[in-house]
Amino acid sequence: MIKIYKINRSKYFLLFSILFFQSWTLQLDNQLNKLNNQTIAVIGTGYVGLVTGAGLAECGNRVICVDIDINKIAKLNLGEIPIYEPGLKELVDKNRALDRLIFTNNIEDAIKKSDIIFIAVGTPMSDDGAADLSYVESVISNISININNYKIICTKSTVPVGTGSWIRLLLTNSGIKNSMFDLVSNPEFLREGSAVKDFLYPDRIVLGSDSKKALDIMCDIYKPLVTNGSQYMLTNITTAETIKYVTNAFLATKLTFINEISNYCDAVGANVKDVAYSLGLDKRISPLFLKPGPGFGGSCFPKDIIALVHSSDQNNIDLKIVKAVIEANEIQKNKPVEKLLELMSIKNIGASLDNLEATNLSLKNITIAVLGLAFKDNTDDIRYSPAITTLKLLLNYGANIKAYDPAAMKNMQQEFPEINYCSSAYDAIKDADALILMTEWPEFANLDIKKIKSIMHGNIIVDARNMFDISELKKHDFDVKLFGIPYN
Ligand code: UGA
């Protein structure tokens with residue numbers, strides 16, 4: 001009975017998702033009487049650039065998306081989307097068909113033809129923790145060579161506070177008059193896995209500039225989103241740049257707080273789900289970002305909070321809480337394997353994880369199924385994924401690993417070719433001595449516990465996302481560790 005109900009539920013979810021996507025775009029269509037007059041170049045078609053380009057086209061603007069990667073642009077021109085992001089292909093296809101969205105390698109042409117240039121290139125972490133602005137610098141150099149009339153130059157990439165002033169200096173040092181451009185900072189708050197929805201229905205649109213003219217034009221290109229319920233937040237460039245870092249730092253802090261509280265709940269026998277629910281009912285706190293897990297990863301939080309610490313140190317401000325978040329998150333990433341070893345009755349685990357050489361600990365001939373490799377669900381992104389820590393530790397202990405992820409296996413295979421990648425969750429679980437659930441993919445919640453029991457060799461489960469049905473696990477006699485939820 002339960003199984004049938006769950007299968008139907010996933011079908012309903014799919015149907016609901018399709019209808020929901022159609023309703024987003026239809027609602028926006030109603031707002032668009034005509035195309036905006038502005039032509040926008042979005043430079044960089046990575047995660048942020050591609051979603052921003054498609055989203056701005058959906059708002060009725062003409063958008064030219066540019067990238068130096070010839071293969072990527074060729075694929076995009078064939079309708080292929082280089083990243084896994086629900087709803088993005090539909091948005092790109094629709095706006096390409098309406099001639100509002102084009103892809104090119106020709107940055108010179110895109111600069112000349114555009115009124116607004118969004119910079120959406122990568123700002124990776126340098127060795128010292130600062131954001132590496134070399135890609136941004138290269139775009140500015142191209143703009144300074146090709147600028148042919150007044151342009152708004154807008155930073156969409158996450159850039160360190162002070163980048164706006166630095167860009168102005170680069171341009172004026174290249175001989176570009178201040179009257180030829182205005183600068184805007186327009187940070188993005190998209191989450192991987194729900195980026196299309198986040199773009200079309202943002203909580204706020206932050207625009208920082210010292211030019212009223214530029215702010216008016218920028219407000220215009222986002223108008224359909226505001227008519228749809230979002231709101232502008234207009235400020236100066238430095239404040240807009242700061243808002244981005246502070247938002248990510250705050251979210252990472254909130255999440256790390258609940259992770260630590262889940263460890264405390266484990267120790268005292270409290271239930272973190274109830275604790276978090278109660279916290280969320282307090283309007284001053286909000287219920288979101290209170291799900292404990294194996295620590296945060298991804299391309300944003302780890303990089304951005306380290307960059308914030310770097311910038312604060314340079315300004316002689318000691319951000320103690322943010323520094324503690326970085327440290328606590330590293331500790332949290334060890335938890336899934338620590339809990340696994342505890343279940344396997346291996347004592348003094350904390351010490352042994354730090355000092356593998358000093359122990360005789362071995363998982364040789366033990367097979368561990370790892371479900372989920374991406375840093376979160378609905379993405380193929382494995383950057384700084386907690387699953388990387390888990391895989392490294394398990395490999396260090398000599399375990400055999402059978403892994404499955406609905407989207408991220410290809411990426412993880414490049415990092416860990418020695419692991420056995422499986423075609424389904426059940427395939428990974430078959431004959432395993434223990435199972436660790438790492439990523440909150442919805443399909444894992446629908447796994448049949450009875451079937452898991454029948455195909456697994458052992459009975460040990462570490463559920464790092466508290467996804468499995470506890471009563472089902474108990475019914476089938478599993479030995480289980482959850483995150484902040486008592487089991488026995
Ligand atoms: C994050 C921010 O949420 C976005 O607003 C921001 O635009 C983006 O960074 C960015 O700077 O580009 P993202 O990293 O894509 O987005 O994903 P999140 O949904 O924020 O998740 C981050 C990490 O926190 C994941 O590892 C996730 O599993 C974890 N998480 C999140 C939890 O463990 N529990 C939660 O309750 C929420």
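1. Phenylalanine 296 is buried, with a relative accessible area of 5%. Here buried means under 20% relative accessible area, exposed means over 50%, and partly exposed lies in between (1.4 Å probe, protein chains only). Phenylalanine 301 is buried as well, at 12%.

2. A word on the source. This is a predicted model: local features need pLDDT of at least 70, side-chain atom pairs count only at pLDDT 80 or more, and totals for chains, interfaces and linings use all residues. Residues are numbered from 1 along each chain as its sequence is written, and side-chain values use heavy atoms, with hydrogens and water left out.

3. Now the aromatic pairs. How many aromatic pairs does a search of the whole structure find? There are five. Phenylalanine 296 and phenylalanine 301 form an edge-to-face pair, 5.7 Å centre to centre and with 85 degrees between the planes. Rings of Phe, Tyr and Trp (its six-membered ring) pair if their centres lie within 6.5 Å; planes under 30 degrees apart count as stacked, over 60 as edge-to-face and the rest as tilted. Ring pairs also link Phe289, Phe296 and Phe301 into a cluster.

4. Tyrosine 404 and phenylalanine 444 give another pair. Their ring centres are 6.3 Å apart and their planes stand at 65 degrees, so the pair is edge-to-face. The pair links distant parts of the chain: tyrosine 404 is in strand 10 (residues 400-404) and phenylalanine 444 in helix 20 (residues 442-445), 40 residues apart. Both residues are buried.

5. Alanine 425 touches this pair. Leaving aside neighbours within four places in sequence, alanine 425 is in contact with Leu371, Tyr404, Phe444 and Leu447. Contact means heavy atoms within 4.5 Å. Alanine 425 is found in helix 19 (residues 425-429) and is buried, with a relative accessible area of 5%. The C-alpha atoms of alanine 425 and valine 370 are separated by 8.8 Å, although the two are 55 residues apart along the chain.

6. Lysine 333 deserves a look. Is lysine 333 buried or exposed? Lysine 333 is buried, with a relative accessible area of 7%. This residue is found in helix 14 (residues 320-333). Not counting residues up to four places away in sequence, lysine 333 touches Pro294, Phe296, Tyr384, Pro386, Thr389 and Thr390.

7. Two other lysines sit over rings. The charged end of lysine 339 is over the ring of phenylalanine 483, 4.6 Å from its centre. The charged end of lysine 453 is over the ring of phenylalanine 478, 5.2 Å from its centre. The test is that NZ of Lys or CZ of Arg is within 6 Å of the ring centre and within 35 degrees of the ring normal.

8. Six strands form it in the order 11-10-9-12-13-14, with parallel pairing. Strand 11 (420-421) and strand 14 (479-481) stand at the edges, each with a single partner strand, so one side of each has no neighbour in the sheet. Helices (H or I, at least four residues) and strands (E, at least two) are DSSP runs, numbered from the N terminus. Two strands pair if DSSP finds at least two bridges between them.

9. Look inside that sheet. Strand 12 (residues 434-437) and strand 13 (residues 460-463) run parallel and are joined by four bridges. Isoleucine 436 has valine 462 as its bridge partner, and leucine 437 stands opposite aspartate 463. Four bridges also join strand 9 to strand 12, again parallel. There, alanine 369 is partnered with leucine 435.

10. Which way do the residues of strand 12 point? Ala434 and Ile436 point one way, Leu435 and Leu437 the other way, and all are buried. In a regular strand the side chains alternate between the two faces of the sheet.

11. Strand 6 (residues 181-185) is mostly covered, with five of its five residues buried. Phe181, Leu183 and Ser185 lie on one side, Asp182 and Val184 on the other. Strand 5 (residues 151-155) runs parallel to strand 6, and five bridges join them.

12. Finally, the whole chain. The chain has 22 helices and 14 strands. Of its 488 residues, 53% count as buried. Residues 24 or more positions apart account for 73% of the contacts with a separation of 6 or more.
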